[in-house]
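Subject: Structure handover

Hello,

Here is the structure for you to look at. Please open it first, then read my notes beside it.

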Amino acid sequence: LSETELNNLKWMREEEKLARDVYLALYAKWRISVFNNIASSEQSHMDGLLLLLNKYAIPDPASPVAGVFNNPDLQALYYQLIEKGNSSLTNAYETGATIEDLDLLDLKNAQ
């Protein structure tokens, strides 16, 4: 793998963790099942990326602690998303849409 591909895999692993952790926090706050369901999907994405990291012997950048990130940009984004998502249910839904938009943008940029 190229250095860019390695970095993309590490970034995506931690970004999927960010999505999972935010959705779990939104579920805990609002008790809306869609947030829990999407968190499960994000966990599946994390699992798939971990398989790739293991295949290429890349250390896993994802912290096992919810809401903790090694990448400072993702840590800051986590705090921003949590703050917005906790402020109202409408903002929680918008936070979810933001997460999905970021995922799509990163996939596009990784090509």
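Predicted model: local features only at pLDDT ≥ 70, side-chain atom pairs only at ≥ 80, totals over all residues.

**Charged pairs**

Side chains of opposite charge can pair when their charged atoms come close. The structure holds four salt bridges. One of them joins R13 and D60, at 2.8 Å from N to O. R13 belongs to helix 1, while D60 is in the loop between helix 2 and helix 3, so this pair ties together parts that are 47 residues apart in sequence. How exposed are the two partners? R13 counts as buried because its relative accessibility is 6%. D60 is partly exposed, at 34%.

Next, look at D21. D21 has a salt bridge with K17, with the closest N and O atoms 2.4 Å apart. Both residues lie in helix 1, four residues apart, which is about one turn of the helix. D21 is buried, with a relative accessible area of 3%. K17 is buried too, at 0%. R20 also bridges to D21, and here the closest N and O atoms are 2.8 Å apart. R20 counts as buried at 14% relative accessibility. Shared partners join K17, R20 and D21 into one network of salt bridges.

**What surrounds K17**

Which ring does K17 lie over? The ring is that of F69, and the distance to the ring centre is 4.4 Å. Leaving aside neighbours within four places in sequence, K17 is in contact with M46, A62, S63, V65, A66, G67, V68 and F69.

**Rings**

A pair of aromatic rings is described by the distance of the centres and the angle of the planes. There are four aromatic pairs in the whole structure. F69 and Y78 are both buried. Elsewhere, ring pairs link Y23, F35 and Y93 into a cluster. W30 has a charge over its ring: the charged end of K29 sits 5.2 Å from the ring centre.

In soluble globular proteins, nonpolar side chains tend to be buried together. The largest nonpolar core here has 15 residues, and L18, V22, Y23, Y78, L81 and I99 touch the most other members. Helix 1, helix 2, helix 3 and helix 4 each supply at least two residues of this core. Apart from it lies another core of five residues, including M12, L49, L53 and I58. Now find V22. Not counting residues up to four places away in sequence, V22 touches Y78, L81, I82, T95 and I99.

Start with A39, in helix 2. Buried or exposed? A39 counts as buried, because 4% relative accessibility is under the 20% cut-off. Beyond its neighbours within four places in sequence, A39 is in contact with R20, Y23 and L24. From A39 to K17 the C-alpha distance is 9.2 Å, and they are 22 residues apart in sequence.

Then go to P61, in the loop between helix 2 and helix 3. P61 is buried, with a relative accessible area of 14%. P61 and K10 are 51 residues apart in sequence, and their C-alpha atoms are 6.2 Å apart in space. Not counting residues up to four places away in sequence, P61 touches K10, R13, E14, L53 and N70.

Best wishes

Note on methods. Residues numbered from 1 in each chain as written. Heavy atoms only, no water. Buried < 20%, exposed > 50% of the residue type's maximum accessible area, 1.4 Å probe, protein only. Contact = heavy atoms within 4.5 Å. Phe/Tyr/Trp six-rings, centres within 6.5 Å; stacked < 30°, edge-to-face > 60°. Lys NZ or Arg CZ within 6 Å of the ring centre and 35° of its normal. Core = buried A, V, L, I, M, F, W, Y, C linked by side-chain atoms within 4.5 Å. Salt bridge = Lys/Arg side-chain N within 4 Å of Asp/Glu carboxyl O.
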